[in-house]
Amino acid sequence: MTTQEILFYAFAALAVVSALGMVLNLRNTVAAAMSLVVTMVSLAGIYVLLEAHLVAAIQIMVYGGAIVVLFLFVVMLLNLRADEFAPGRQWLTKLAAGLVVFAAGAELIRLLSGELPEPGELPPGFGGYRMVGISLYTDYVLLVEMASLLLLAAIVGALILAKRRID
Amino acid sequence: MVPLEHVIGLSALLFVIGVAGVAIRRNLIVVLMSIELMLNAVNLAFVGFNRLWPGTAEAPRLDGQVFVLMVITVAAAEVAVGLGIVISMFRNRDSVNLEDVSLLKW
Amino acid sequence: MPIEVVVKTLFIILVVVGALAPVITWVERKQSAVMQDRIGANRADVAGITLLGLLHPAADVLKLLSKEDVVPLGANRFMHLISPLIAAVPAIVGYAVIPFGGVYQFGDTRLSLVAADPDWGLLYIFAIGSIATYGTVMAGWSSNNNWSLLGGMRAAAQMISYEVTMGLSVVGIFMVFQTLKLTDMALAQDTTFRVLGFLDVLFGIPVPAWLDWVRLPAWGIFYQPLAFLMFLAAIMAENKRPPFDAPEGESEIIAGFHLEYSGMRFGLFYMSEFIEVIVIAGLVATIFLGGWAIPYLSTQTIIGGVGSVLGTGFATGLCMLLHFGCFMTKVVVMIWLQMALRWTLPRFRYDQVMDLCWKILLPLSLANIFVTGFVMLLVEG
């Protein structure tokens with residue numbers, strides 16, 4: 001097993017374990033948010049292994065450094081109590097979870113025994129900021145403009161929703 | 001280089017865990033975090049497939065990574081607005097439990 | 001190749017973090033004492049030899065190691081235990097991309113004085129800075145204390161706000177040097193440029209050739225002076241260094257987010273702030289002050305001049321030592337500047353800190369990008 005494969009499986013295991021920790025964590029929402037950070041950072045590690053360097057850096061900066069901090073802000077400000085699964089629906093919850101895991105396992109087995117073509121030869125500088133920037137601002141410049149409009153709408157929306165009423 | 005089936009399998013597994021989170025949990029904030037997990041799983045699939053078909057040296061194709069940047073942008077916008085909704089809900093009902101906002105349920 | 005990385009990592013951990021960071025605590029005490037016309041701490045001694053107070057860092061470490069480790073009642077024990085680690089590790093790991101020197105060719109071996117050199121080196125620093133937010137936030141929340149929570153929330157808001165300004169103010173430098181790789185940035189600052197060229201470009205006044213000797217080193221601070229000031233302010237705010245230390249406002253919220261920490265875990269918070277002072281100094285020196293490049297003496301001049309007399313191998317080694325010394329001099333100057341700022345300016349009020357970021361620095365950095373782009377188009381057109 002080469003170093004890349006060992007790193008990939010390590011990051012993958014870490015991502016799955018912390019994702020499960022986030023979803024199944026009942027007592028502590030802050031711990032769930034920190035598990036989400038661990039998932040995102042390990043996914044960024046996998047992106048680096050897949051030669052997507054700019055995306056990995058942006059994943060850590062934006063997802064890990066801003067979005068989850070926003071979650072943490074809200075959780076800490078609202079000072080939430082512990083959660084619990086719906087009473088009286090425990091068996092339904094467990095059945096649903098079991099079915100979902102079974103379906104995931106079956107799909108995984110089907111995928112893993114399928115055949116995808118071999119990964120191609122990489123162009124030099126693949127995944128670097130230069131190439132992504134060229135692609136972003138020549139082929140997909142309309143997406144960039146729309147993304148900026150979307151962010152403007154989100155800023156205004158979040159401000160209005162969270163503002164205290166004066167009247 | 002890891003066979004790409006494993007990357008896509010990991011993406012599917014994370015997506016399924018995210019769906020389970022949205023279905024099982026009652027805390028709205030954890031539901032939002034599970035949605036983020038689903039978006040991350042999709043990002044992984046995009047990057048994986050882009051690695052599979054990177055184009056040639058004369059015409060490299062980076063569509064997967066560009067779209068991942070767009071997904072991250074949309075996720076950021078959605079989290080901002082979603083948490084605004086959570087704060088409004090908390091101010092009105094003093095709870096972020098999904099079962100306390102089920103007035104429209106028949 | 002791995003042995004080289006191990007040696008560089010050991011150098012960073014043992015020399016820079018292990019030896020230089022405690023010396024910075026001594027510098028803080030002595031510089032503040034000199035600035036405030038007093039003597040400072042000079043009582044720690046070994047058998048009567050006081051060494052001007054240089055033994056105080058060792059005394060500090062011994063004291064912190066021997067204190068009782070307190071976890072407050074009702075606190076989340078796991079988060080309380082790992083928060084100092086989450087705060088300290090990004091500070092230490094930031095050294096990996098700072099070039100302490102250039103690339104030197106000794107026969108057929110290449111020696112580069114930087115631990116890791118990814119293509120996106122500067123983005124790495126920003127990503128690591130984003131992770132450092134969690135240490136303070138978790139410390140503030142997990143201490144089960146109102147003052148700590150206030151300090152942690154202030155820290156989180158301040159750090160994520162100033163990350164934006166930090167990134168935007170460096171975009172101007174990115175446009176000028178066309179690279180995010182810190183070694184290439186330092187290499188590009190190894191030459192000089194004609195100062196009066198701007199007259200030719202902006203106003204159309206032809207500059208006579210005999211005035212070509214008026215040159216400045218091609219440092220980032222001469223290309224982007226406004227970006228230097230904004231980046232310095234933003235990264236000092238990121239480090240929660242006074243005057244931006246509202247999160248640990250000692251007179252307002254006792255000690256803020258590291259209130260409930262004692263012993264070596266407080267020592268980790270304390271040390272990580274000083275470790276990050278050195279990272280900031282190294283970064284600003286690399287991006288704006290020319291890194292390891294000696295002004296007016298490019299690498300070719302040194303190797304050519306000395307090499308013709310004493311041989312190329314010796315010249316390259318001498319050049320390496322000179323560059324390393326030059327870099328450390330610039331780091332020391334930047335550390336002095338940060339200490340001087342710390343002991344001169346009073347603490348900003350928290351709303352002043354936020355105003356400064358969003359209402360002053362952010363529009364200024366956007367204007368900086370615009371003006372830089374405009375001037376670059378004029379220069380190339």
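The domain assignment of chain C gives domain 1 (1-66) and domain 2 (68-380), with bounds that come from an automatic or database domain assignment. This is a predicted model, in which local features need pLDDT of at least 70 and side-chain atom pairs count only at pLDDT 80 or more, whereas totals for chains, interfaces and linings use all residues. Residues are numbered from 1 along each chain as its sequence is written, while chains are lettered from A and ligands numbered from 1 in the order in which they are written.

**Domains of chains C and A**

- Taken over C-alpha atoms, the centres of domain 1 of chain C and domain 2 of chain C are separated by 22 Å, and their contact takes 18 residues from domain 1 and 15 residues from domain 2, where two residues are in contact if their C-beta atoms, placed from the backbone, lie within 7 Å.
- On the side of domain 1 of chain C that touches domain 2 of chain C, α1 (2-35) and α2 (56-65) of chain C each supply at least two residues, and the largest share, 15 residues, comes from α1(C); helices here are DSSP runs (H or I, at least four residues), numbered from the N terminus.
- For chain A the assignment gives domain 1 (1-83) and domain 2 (128-167), whose C-alpha centres lie 23 Å apart.

**Helix packing in chain C**

- Helix α10 (residues 263-287) of chain C has 25 residues that should span 36 Å at 1.5 Å a residue, and its end C-alpha atoms are 36 Å apart, which agrees; the expected span is 1.5 Å times one less than the number of residues.
- α10(C) is mostly covered, with 20 of its 25 residues buried, a residue being buried if 20 or more other C-beta atoms lie within 10 Å of its own, exposed if 12 or fewer, and partly exposed in between, with C-beta atoms placed from the backbone.
- The axes of helix α3 (residues 77-93) of chain C and α10(C) come within 8 Å and cross at roughly 20 degrees, which makes α3(C) roughly parallel to α10(C); axes are lines fitted to C-alpha atoms, for helices over the stretch in contact, with angles from 0 to 180 degrees between N-to-C directions, and angles under 35 degrees count as roughly parallel.
- The contact between these helices involves, among others, C:Ala88 and C:Ala91 of α3(C) and C:Leu268 and C:Ser272 of α10(C).
- The axes of helix α9 (residues 225-238) of chain C and helix α13 (residues 350-380) of chain C come within 11 Å and cross at roughly 150 degrees, and residues including C:Met230 of α9(C) and C:Leu361 of α13(C) make the contact.

**Contacts between chains**

- The contact between chains B and A takes 63 residues from chain B and 70 residues from chain A.
- On the side of chain B that touches chain A, α1 (4-24), α2 (28-52) and α3 (63-93) of chain B each supply at least two residues, and α3(B) gives the most, with 21 residues.
- In the contact between chains C and A, 19 residues of chain C meet 17 residues of chain A; α4 (121-142) and α5 (146-177) of chain C are the elements giving two or more residues to the side of chain C, and α4(C) gives the most, with ten residues.

**A:Tyr140**

- A:Tyr140 is found in the loop between α5 (129-138) and α6 (141-162) of chain A, and is partly exposed, with 19 other C-beta atoms within 10 Å.
- Not counting residues up to four places away in sequence, A:Tyr140 touches A:Ser135 and B:Val66.
- A:Tyr140 and A:Leu95 are 45 residues apart in sequence and 44 Å apart in space, C-alpha to C-alpha.

Methods:
Angles under 35 degrees count as roughly parallel, over 145 as roughly antiparallel, 65 to 115 as roughly perpendicular and the rest as oblique.
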